[in-house]
Amino acid sequence: MERKPRKSSVSERGGLTCISFADYTGGMRLVLGSLLACFITAAGAQPLPIFDAHLHYSHDAWESVPVQDAIAIMRKAGIKRALISSSGDEGQQRLYQAAPDLVIPELRPYRSRGEIGSWVRDETLIPYLQDRLSKYKYAGIGEFHLYGADADLPVVRRMVELAKKHNLFLHAHSDIDAVERLFKQWPQARILWAHSGFERPERVAEMLRKHKNLWCDLAFRTDHASGGKVDPAWRTTFLQFPDRFMVGTDSYVPERWHYIPEHADWSRRWLADLPRDVAERIAWKNGEEVFGSLLQQH
């Protein structure tokens, strides 16, 4: 009599796909045991490392997310390195001291959140920046919010001069007008454009084509991917400029720290829809190549 399997089950254990069958003959149940045919799957591979180019550890997070918790969250998420700023600067200095292999500090021109809109006209900012730059190492100044003609205000110009003097990146949450004005002040500036300016990919591509020293982070954006698939217009831009994008979470409120692992996993899903070499560049290689050795130069 021909024996046909009447029941089967498929399960995954430890990243391996395992199949077992229970064979029945007539009314008699014949247990053949567990027959395992295990195959290595994509789930068993090491997760793609992430360079998070946009994190904050500001004063309102210091108690709710202590330093060791913040470090543990990043390591759990598979973060290779992270570009971190804070309001005020003591926050990310604590993170850097605790995990210098993980944290790359940026100097934010905000001593508290309330300065986001007023810093461009605050004359006391320059002595503050000078003091911090004399004491600590940084890869950049930012992330700062700056729009339009405000980029030409005296305080902003002095900040750009300090960045030039110390060979620092500018991490600008800015519109196109402000980015253009920053480059006009300092043609050799290196700018990380926060959130890719919240611009459409076609406009982002125009800016990248025009400015060879412009990079973009993708923090707090979801329009470039949905359901693990990359938007067609963004795909074109990513393939044209694979070396100019970085992922980022943007922990602008303390609660966002607990979202870092989920965001890293979400990033890996849509990055898997790109060619592997492009995915690796956006996930971590661009950030590492651009920022990885900057602290050693100061």
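Q: What is Tyr57 in contact with, leaving aside its neighbours within four places in sequence?
A: Tyr57 is in contact with Trp62, Val65, Pro66, Val67, Ala70, Ile84, Ser85, Ser86, Gly91, Gln92, Leu95 and Trp257. Contact means heavy atoms within 4.5 Å. This is a predicted model, where local features need pLDDT of at least 70, side-chain atom pairs count only at pLDDT 80 or more, and totals for chains, interfaces and linings use all residues. Residues are numbered from 1 along each chain as its sequence is written, and side-chain values use heavy atoms, with hydrogens and water left out.

Q: Where does Tyr57 lie?
A: In the loop between β5 (50-56) and α1 (67-76). Helices (H or I, at least four residues) and strands (E, at least two) are DSSP runs, numbered from the N terminus.

Q: Is Tyr57 buried or exposed?
A: Tyr57 counts as buried because its relative accessibility is 0%. Buried means under 20% relative accessible area, exposed over 50%, and partly exposed in between (1.4 Å probe, protein chains only).

Q: How many residues apart along the chain are Tyr57 and Tyr252?
A: They are 195 residues apart, and their C-alpha atoms are separated by 8.0 Å.

Q: Switching to Glu106: which strand is that in?
A: Glu106 is in β7, residues 103-107. Glu106 is buried yet has no salt bridge, that is, a side-chain nitrogen of Lys or Arg within 4 Å of a carboxyl oxygen of Asp or Glu.

Q: What is the nearest side chain of opposite charge to Glu106?
A: Arg108, 7.5 Å away. For charge, Lys and Arg count as positive and Asp and Glu as negative, while His and the chain ends are not counted.

Q: Now β11. Which residues point which way?
A: Leu214 and Cys216 point one way from β11 (residues 214-217), Trp215 and Asp217 the other, and all are buried. In a regular strand the side chains alternate between the two faces of the sheet.

Q: What joins β10 to β11?
A: Three bridges, and the two strands run parallel; strands pair if DSSP finds at least two bridges between them. The chain crosses from β10 through α6 (residues 201-210) to β11 in a right-handed β-α-β crossover. Right-handed means that, with the strands pointing away from the viewer, the path from the first strand over the helix to the second runs clockwise.

Q: And which residue in β14 is the bridge partner of Asp217?
A: Met246. Two bridges join β11 to β14 (residues 245-246), and these strands run parallel.

Q: Last one: how many residues of α8 are buried?
A: Nine of the twelve, so α8 is largely enclosed by the rest of the structure. Among them are Trp266, Arg268 and Trp270.
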